Structure formats: structure tokens, C-alpha cells
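Reader: I have a structure open and want to go through it piece by piece. Can you take my questions as they come?

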Amino acid sequence: MNENELIVSKEYGLGSFSKDALSIRQTVFVEEQGIPLDLELDDFDSRTTHYVGFTAAKPVTTARVSINDQDNSWHIQRVATLSEARGHGYAAKLMKTIISDAKEAGVHKLELGAQVPSRGFYEKLGFKPVGEPFMDAGIEHIEMTLTV
């Protein structure tokens, strides 16, 4: 395996992947972006599927997914990539894995709240903005959806 090759794994609930995911999120959101730790930590980790991308066995990118059974949609949250791993397409590969898994599961819609500076990244994956920007944790976001 090439040391830059990304391997995406997933796990529901709390376990080794959720710990890897939280480590990435703490580095990106708390340390880099200054989001208070108490806002980053919530009760949803035990009820979401954690996707983690690994290069050379090191966790470098993550996202979590919650299922909304009422409208057969998935909500993607906490998409993050370590600074040293950015620019290699890892987050795009992780997101494409989530999109593929959603299609296989018969999900009709994916939703996320994108940080406004990352809007273009999600648009390249086919997501469309919905509504007006809003503030979350002191950072401007926009709701985005993808019909799958």
C-alpha cells in the first residue's frame, strides 16, 4: 500500500474509530479554529456512524453521520482533516464513500451545515446551498443538501 493511499473505515457508536475521529476534531475545531471543547463534545457520538480515513495507519480525516428515519435522509457533521493531510483529496474521498454508502442504503437525501469557506468543496461534490448563512459556534455556516 502506498503511504499516501487513504483507507476509509466506519463504525457506529463509541469505539476506536470514534476516538480517532474525536482526536482529529479536537485538533481541527478546538485547537485550530478555537471552538470551545464543550461545544465540540456532545451526546451524538454514541448515536452516529463515524467515518475515518487513514494513511499509513494514521487517522487523518473524519466525518460522522446520523440517520433521520422520518425522511430517509442522512445528516453529515464534523467533517475535518488534519492540516498536514490537506490538499491530497482525502476529505473528498471520505465524502464520496459516505455518498456511495447512502446510495447503497437507499437514502434519498444528504444534509450538512458547511462552514461558508468550505462551501465550494461541497458544491464540487454536488451539494446545493439551502437558505441563508447562519452562525454556529461563532463560525458562519450554510445548510447544504445533496439528492442521491
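Author: What follows is a walk through a predicted model, one topic at a time.

Reader: Start with strand 4. Is it mostly covered or exposed?

Author: Strand 4 covers residues 73-81 and is mostly covered, with seven of its nine residues buried.

Reader: How does strand 4 pair with strand 3?

Author: Strand 3, residues 58-68, pairs with strand 4 in the antiparallel sense, over seven bridges. As an example of a partner pair, S66 is bridged to H75 in strand 4.

Reader: What sits between the strands in that hairpin?

Author: Four residues lie between strand 3 and strand 4 in the hairpin, and N72 takes a positive phi near 55°.

Reader: And strand 5, parallel or antiparallel to strand 4?

Author: Parallel. Strand 5 is residues 109-115, and four bridges join it to strand 4. Within strand 5, L110 is the residue that stands opposite W74.

Reader: Which helix goes with strand 4 and strand 5 in the β-α-β unit, and what is the hand?

Author: Helix 3, residues 90-104, makes the unit together with strand 4 and strand 5, and the unit is right-handed.

Reader: Changing topic. How many aromatic pairs are there in the whole structure?

Author: A search of the whole structure gives three aromatic pairs. One of them is F121 with Y122, an edge-to-face pair at 4.9 Å centre to centre and 75° between the planes.

Reader: What about Y122 and F127, and why is that pair called edge-to-face?

Author: The ring centres of Y122 and F127 are 6.0 Å apart and the planes meet at 80°, so the pair is edge-to-face. The cut-off for that class is over 60 degrees.

Reader: Which residues do these ring pairs link into a cluster?

Author: F121, Y122 and F127 are linked into a cluster by ring pairs.

Reader: Now pockets. What is the volume of the largest pocket?

Author: The volume of the largest pocket is about 710 Å³.

Reader: How many residues line the largest pocket, and which lie nearest its centre?

Author: There are 27 lining residues, and F29, R78, V79, Q115 and Y122 lie nearest the centre. So Y122, the buried ring from the cluster, turns up here too.

Reader: Which element gives the most to the lining?

Author: Strand 4 gives the most to the lining of the largest pocket, with seven residues. Elements that supply at least two residues each include helix 1 (16-32), helix 4 (119-124) and strand 6 (128-136).

Reader: One more region. Where is E140, and which residues is E140 in contact with?

Author: E140 is in strand 7, residues 139-147. Leaving aside neighbours within four places in sequence, E140 is in contact with A114, Q115, V116, P117, P133, F134 and M135. At 39% relative accessibility, E140 is partly exposed.

Reader: How far is E140 from E40?

Author: They are 100 residues apart in sequence and 16 Å apart in space, C-alpha to C-alpha.

Reader: Last one. Where does S118 lie?

Author: S118 is in the loop between strand 5 and helix 4. S118 is partly exposed, with a relative accessible area of 28%.

Methods: Residues are numbered from 1 along each chain as its sequence is written. This is a predicted model: local features need pLDDT of at least 70, side-chain atom pairs count only at pLDDT 80 or more; totals for chains, interfaces and linings use all residues. Side-chain values use heavy atoms; hydrogens and water are left out. Buried means under 20% relative accessible area, exposed over 50%, partly exposed in between (1.4 Å probe, protein chains only). Two strands pair if DSSP finds at least two bridges between them. A crossover is right-handed if, with the strands pointing away from the viewer, the path from the first strand over the helix to the second runs clockwise. Rings of Phe, Tyr and Trp (its six-membered ring) pair if their centres lie within 6.5 Å; planes under 30 degrees apart count as stacked, over 60 as edge-to-face and the rest as tilted. Contact means heavy atoms within 4.5 Å. On a 1 Å grid over the protein atoms alone, a cavity is a set of points where a 1.4 Å probe fits but cannot get out, and a pocket is an open set with protein on both sides within 12 Å along at least five of seven lines; lining residues have an atom within 4 Å of a point. Grid points are joined across faces, edges and corners, and a volume is the space filled by probe spheres set on the points.
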